Amino acid sequence: MARTPEGKTLLKRYLNEITEGPAFKGSPRSAQFLEYVIWQSAAGKVADLKERTIGIELFGRRHTYDTGEDAIVRVTASDVRKRLVQHYSGVGSASEFRIRLPSGGYVPELIRTPKMGTDGLATQLSVDERSVETPVQGLGSWASARNETSADWKYWILPALGFITLTAGIALTIVNRPGLTASGGKRLGSSGTAPWASLFDGSRRVLVIASDPNIEEIQRMSHSSLSLSDYANQSYLPPGASNLSPAEIGFMKDILRGNKISSFDGNIIANLTSLMTPGHNRVLVKAARDLRVKDLQTDENLVFLGSPRSNPWTSMFDPVLDFQFAFDTRTQREFVRNVRPGKGESNEYVPTAGGFDTGESFALISVFQNPGYGGRVLIMAGASGEGTEAAGDLVADPARWAATLQFCHIAKDASRQSLQVLLHLETMAGSSSTVNTVACHLLTLGS
């Protein structure tokens, strides 16, 4: 878009509509920040959109300034995200194009969101009405928007979509997402003899618990962790929030309104439907924040998306797992701890990159019998959203899973096995590549 004079003119006009609108009125710093990251991204300078670089170039900080002590970039970015939400909830609600600044980074997105119909969606997925908020006008299918992005906005280097509302938009994703059917119209292959095959054979309902990206965000803002106990009791502000300013606490409370899931989760949920036995669509999706303890006291099959930082419920299964996520307070990142290392395995697997960053990361696929109940549990979790998506992609790909079984020296029929698979992946700006299996552990409990 920004490579032609006409495109630059349109982009400038669109930016002016936002920054001169009521949402950004009275905040020239936030308007300046938004314009800066947009034009830097349009110029192909995505690698320069780092906290320190922005602090130096935009806010005139010294090259040696302490980003831990001076949070001007993080605070301004948070304010920009809040004002963009206000803009698209008001005068910008009818806009076909939307700008987003994903949490955890400073690379903006420009997304086209054409209006789409919603007929015939109910047969694809059941969404608990208590777990949804009113659909946002113009969201449509994020998958379709992603296709438009790749076709019409290929000169923008975009991370994956930030967040999508847990609404009928999820069903839209399932109906329209490319890849659910092959080019000849045939349904993707089933999970066959994979250890999660029985989860999707239709004999039991599948409850999918999506992650909570806003919870991860406020923990990162407050440099503290939220316990499962507090989360289950709906006490969502982490202990470190007491050290924040009233404005920052107010922002936390704002982003906790409603229920949202990560776009990575939308992709995985779409893939999971390809594993269902034809004729069986017994899938229920809930946001992690809407889950209650009694919902887990069931013989239904359970699928969890996300690590403990974004889905605290997953931590309650740690006693039966060999690979567990832990959190490093120094780097403010999750890593994988190997509590029962085998020959040649490490005790810890530490990522070099966070979300929407460039480097290496790790993810886990865990499947086992739910202790004390009749159903099975499947957890797909990464140290970043990219990792969770990589785990979900492997689960839904029979050919790759067959290769994984061979790598792990596991019998072809693993339908009743309880195991964990550790994945290593390379990440860049919201995408993963070169996903490899690092280790496999058969779990002794609930095999």
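Which residues is Trp313 in contact with, leaving aside its neighbours within four places in sequence? They are Ile209, Leu228, Tyr231, Ala232, Ala288, Leu291, Arg292, Val293, Leu296 and Phe304. Contact here means heavy atoms within 4.5 Å.

Before going on, a word on the model. It is a predicted one, where local features need pLDDT of at least 70 and side-chain atom pairs count only at pLDDT 80 or more, while totals for chains, interfaces and linings use all residues. Residues are numbered from 1 along each chain as its sequence is written, and side-chain values use heavy atoms, with hydrogens and water left out.

Now the overall picture. The protein chain has 13 helices and 15 strands; these are DSSP runs, helices being H or I of at least four residues and strands E of at least two, numbered from the N terminus. Of the 447 residues in the protein chain, 54% are buried. I use buried for under 20% relative accessible area, exposed for over 50%, and partly exposed for in between, with a 1.4 Å probe and protein chains only. The accessible surface of the chain is about 19,500 Å², and carbon and sulfur atoms account for 51% of it. Those areas come from the Shrake-Rupley method with a 1.4 Å probe, and for residues only the protein chains shown count as cover. Taking contacts between residues at least 6 apart in sequence, 66% join residues at least 24 apart.

Back to Trp313, by way of the core. The largest nonpolar core has 37 residues, and Trp313 is listed among those with the most contacts inside it, along with Ile209, Phe304, Phe317, Val336, Phe368 and Leu422. A nonpolar core is a set of buried Ala, Val, Leu, Ile, Met, Phe, Trp, Tyr and Cys residues joined through side-chain atoms within 4.5 Å. Elements that each supply at least two residues of this core include strand β5 (206–210), helix α7 (213–222) and strand β12 (359–369). Apart from this core lies another, of 35 residues, with Val367, Val395, Ala414 and Val421 among them. As a general point, nonpolar side chains in soluble globular proteins tend to be buried together.

Next, aromatic rings. Rings of Phe, Tyr and Trp (its six-membered ring) pair if their centres lie within 6.5 Å; planes under 30 degrees apart count as stacked, over 60 as edge-to-face, and the rest as tilted. By this rule there are nine aromatic pairs. In one of them, the centres of Tyr231 and Trp313 are 6.3 Å apart and the planes stand at 75°, so the pair is edge-to-face. Tyr231 sits in helix α8 (residues 228–232) and Trp313 in the loop between β8 and β9, 82 residues apart, and the pair links these distant parts of the chain. Both residues are buried. Elsewhere, Phe33, Phe59 and Tyr106 form one aromatic cluster.

Two arginines sit over rings. The charged end of Arg309 is over the ring of Phe327, 3.7 Å from its centre, and that of Arg289 is over the ring of Tyr236, 5.6 Å from its centre. The rule for a charge over a ring is NZ of Lys or CZ of Arg within 6 Å of the ring centre and within 35 degrees of the ring normal.

How many disulfides does a search of the whole structure find? It finds one, taking a disulfide as a pair of cysteine sulfur atoms within 2.5 Å. The partners are Cys408 and Cys440, with their sulfur atoms 1.6 Å apart. Cys408 lies in helix α13 (residues 398–408) and Cys440 in strand β15 (residues 431–442), so the pair ties together parts 32 residues apart in sequence. Cys408 counts as buried at 13% relative accessibility, whereas Cys440 is partly exposed at 21%.

Strand β15 also holds Thr434. Thr434 has a positive phi, near 50°, in a residue other than glycine, and is exposed, with a relative accessible area of 52%. Gln332, also not a glycine, has a positive phi of about 60° and lies in the loop between β9 and β10 (333–338).

Last, some covered places. In helix α10 (residues 263–272), ten of ten residues are buried; in helix α12 (residues 385–395), nine of eleven are. Ser361, in strand β12, counts as buried at 0% relative accessibility.
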